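Me: I would like to go through this model feature by feature. Please give the general idea each time, then the case at hand.

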Amino acid sequence: MKCPECGGKLTQRVGDHPYVGRELPNVVLAGVKIRTCCECEFSSVGIPKLAGLHKALVASVAKATHQLSPGEIRFLRKYLGWSGQDFARHFGVTPETVSRWENGKKPMGATAERLLRMSALTLEPVQEYPLPDNFKKRSPKKKIKATLRGVWTLDAA
């Protein structure tokens, strides 16, 4: 394998790697393939079944007994595929309130938090977001289909 940055040789190992999402800073992925360039130190991580990983993370966050952190609120909203305005509309609040929940300036109320947890556990995430009518359609790009093997489970640390 060659490095996409410099063309150098990539080495591969299996190990632990921090989850990249800033919303969940304490999550570590165990047993993932990590490729590193011997020349320029470029690094990439192979994450099998990314949708399964996100579903497991959502279940873990939504079922936790602690009050949701601002990052966890943002993570659950993004998992559902909602914009800040969508979230506000679903919860009957203003977009500014959602912003305050997600930046930690205002705590989310207990009822809204229960509704968010239940929504994350029971609703299917939005797969296609509707584009505004004035958005110019671009020519379709070539679709890439990949099959990944692996199962994600979460272990409490």
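Me: Which residue stands opposite Val28 in β2?

Reply: Pro18 stands opposite Val28. Two strands count as paired if DSSP finds at least two bridges between them. Strands β1 and β2 pair in the antiparallel sense, over 8 bridges. A note on the source: this is a predicted model, in which local features need pLDDT of at least 70 and side-chain atom pairs count only at pLDDT 80 or more, while totals for chains, interfaces and linings use all residues. Residues are numbered from 1 along each chain as its sequence is written, and side-chain values use heavy atoms, with hydrogens and water left out.

Me: How many helices and strands are in the protein chain, and what pattern do they follow along the sequence?

Reply: Helices (H or I, at least four residues) and strands (E, at least two) are DSSP runs, numbered from the N terminus. The protein chain has 5 helices and 3 strands. Read along the sequence, the pattern is β-β-β-α-α-α-α-α.

Me: What is the strand order in the sheet?

Reply: The order is β1-β2-β3, in an open sheet of 3 strands with antiparallel pairing. The edge strands, each pairing on one side only, are β1 (10-18) and β3 (43-46). From one strand to the next, the twist averages 35°. For such angles, axes are lines fitted to C-alpha atoms, for helices over the stretch in contact, and the angles run from 0 to 180 degrees between N-to-C directions.

Me: How many bridges join β2 to β3?

Reply: Strand β2 (residues 28-37) is joined to β3 by 4 bridges, and the two run antiparallel. Across this pairing, Lys33 stands opposite Gly46 and Ile34 stands opposite Val45.

Me: Which residue in the hairpin of β2 and β3 takes a positive phi?

Reply: Glu41 does, with phi near 65°, in a hairpin that has 5 residues between the strands. For exposure, buried means under 20% relative accessible area, exposed over 50%, and partly exposed in between (1.4 Å probe, protein chains only). Glu41 has a relative accessible area of 66%, so it is exposed. Lys49 also is not a glycine and has a positive phi, of about 50°. Lys49 is in the loop between β3 and α1. Its relative accessible area is 41%, so Lys49 counts as partly exposed.

Me: What share of the residues is buried?

Reply: Of the 157 residues in the protein chain, 30% are buried.

Me: Which residues have the most contacts inside the largest nonpolar core?

Reply: A nonpolar core is a set of buried Ala, Val, Leu, Ile, Met, Phe, Trp, Tyr and Cys residues joined through side-chain atoms within 4.5 Å. The largest has 26 residues, and those with the most contacts inside it are Tyr19, Leu76, Phe87 and Leu116. Elements giving two or more residues to this core are β2, α1 (50-63), α2 (70-80), α3 (84-91), α4 (95-103) and α5 (110-122). Helix α2 gives the most, with 5 residues.

Me: What does Phe87 touch?

Reply: Contact means heavy atoms within 4.5 Å. Not counting residues up to four places away in sequence, Phe87 touches Ile73, Arg77, Trp82, Val98, Trp101, Glu102, Met108 and Leu116.

Me: Why does Glu72 count as buried?

Reply: Glu72 counts as buried because its relative accessibility is 12%. Glu72 lies in helix α2. Leaving aside neighbours within four places in sequence, Glu72 is in contact with Glu23, Leu24, Val61, His66 and Gln67. Glu72 and Arg22 are 50 residues apart in sequence and 9.6 Å apart in space, C-alpha to C-alpha.

Me: Is Glu113 buried or exposed?

Reply: Glu113 is at 9% relative accessibility, so it counts as buried. Its place is in helix α5. With neighbours within four places in sequence left aside, Glu113 is in contact with His66, Gln67, Leu68 and Met108.

Me: What share of the contacts between residues at least 6 apart in sequence join residues at least 24 apart?

Reply: In the protein chain, 57% of those contacts join residues at least 24 apart.
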